[in-house]
Amino acid sequence: MNVLLACATAALAALGLAFAWRRERRLLRRRALLAEILDLADALERELLECRARLREVTALAAAALSPAEQVSARATLAAEPQVQEALRDLLAHRLWLKQNAARASDTELLAARDALAATRDTLARQLERLANVRADVEQTRAALAAQASETSH
């Protein structure tokens with residue numbers, strides 16, 4: 001009888017340990033997911049601020065280097081600053097949601113938030129690449145105009 005009781009106690013203890021271990025693993029995964037979301041949000045914020053700075057830089061460069069007709073085209077390409085501001089506001093809203101709901105959010109909701117941030121970063125990377133191309137075009141046009149002006153003055 002004592003052996004049976006000892007075996008039952010050991011089985012219950014093992015079951016309790018297994019449950020605690022599984023719960024701890026789940027909590028660790030959740031903490032890692034939350035840390036990943038926060039890291040993605042931080043990276044996205046840095047990239048959005050970089051994008052805004054580049055937009056302003058290229059706009060100023062275009063204003064100084066291009067003819068009025070070319071400036072209109074460049075400004076149309078570079079008119080994305082309101083979108084960047086909107087993205088920064090959305091990011092702030094996501095951070096607030098996370099602060100208020102992280103404890104009770106489902107894993108599915110957290111995974112969706114992580115995936116949305118990652119997708120936004122991918123889209124922004126393509127936008128930054130296009131912006132770099134616009135900058136290169138503006139600089140090329142500026143150099144050509146400078147060379148043309150130099151030839152005309154000689």
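**View 1. Contacts of Leu48 in the predicted model.** Leaving aside neighbours within four places in sequence, Leu48 is in contact (heavy atoms within 4.5 Å) with Val84, Ala87, Leu88, Leu91 and Leu124. This is a predicted model: local features need pLDDT of at least 70, side-chain atom pairs count only at pLDDT 80 or more, and totals for chains, interfaces and linings use all residues. Residues are numbered from 1 along each chain as its sequence is written, and side-chain values use heavy atoms, with hydrogens and water left out. Leu48 sits in helix 1. Helices (H or I, at least four residues) and strands (E, at least two) are DSSP runs, numbered from the N terminus. Leu48 counts as buried because its relative accessible area is 4%. The classes are buried, under 20% relative accessible area; exposed, over 50%; and partly exposed, in between (1.4 Å probe, protein chains only). Leu48 and Val84 lie 36 residues apart along the chain, yet their C-alpha atoms are separated by 6.3 Å.

**View 2. The largest nonpolar core.** This core holds 27 residues. A nonpolar core is a set of buried Ala, Val, Leu, Ile, Met, Phe, Trp, Tyr and Cys residues joined through side-chain atoms within 4.5 Å. Ile37, Leu48, Cys51, Leu110 and Leu117 have the most contacts inside it. Two or more residues come from each of helix 1 (2-65), helix 3 (81-101) and helix 4 (107-153). Helix 1 gives the most, with 12 residues. In soluble globular proteins, nonpolar side chains tend to be buried together.

**View 3. Leu110 and helix 4.** Beyond its neighbours within four places in sequence, Leu110 is in contact with Arg30, Leu33, Leu34, Ile37, Trp97, Leu98 and Ala105. Leu110 is one of the buried residues of helix 4. Helix 4 has 47 residues. From first C-alpha to last it reaches 68 Å, close to the 69 Å expected at 1.5 Å a residue. The expected span is 1.5 Å times one less than the number of residues.

**View 4. Helix 3 and His94.** Helix 3 has 21 residues and reaches 30 Å from its first C-alpha to its last, close to the expected 30 Å. Its buried residues are Val84, Leu88, Leu91, Leu98 and Asn101. His94 is also found in helix 3. His94 counts as partly exposed because its relative accessibility is 41%. His94 and Ala113 are 19 residues apart in sequence and 8.2 Å apart in space, C-alpha to C-alpha.

View 5. The structure holds one cavity of 30 Å³ or more. On a 1 Å grid over the protein atoms alone, a cavity is a set of points where a 1.4 Å probe fits but cannot get out; lining residues have an atom within 4 Å of a point. Grid points are joined across faces, edges and corners, and a volume is the space filled by probe spheres set on the points. The largest cavity has about 80 Å³ of space. Its lining is Ile37, Leu38, Ala41, His94, Arg95, Trp97, Leu98, Ala113 and Leu117. Helix 3 gives the most to this lining, with four residues.

**View 6. The whole chain.** The protein has four helices and zero strands. Buried residues make up 24% of its 154 residues. Among contacts between residues at least 6 apart in sequence, 86% join residues at least 24 apart.

Technical notes: On a 1 Å grid over the protein atoms alone, a cavity is a set of points where a 1.4 Å probe fits but cannot get out, and a pocket is an open set with protein on both sides within 12 Å along at least five of seven lines; lining residues have an atom within 4 Å of a point.
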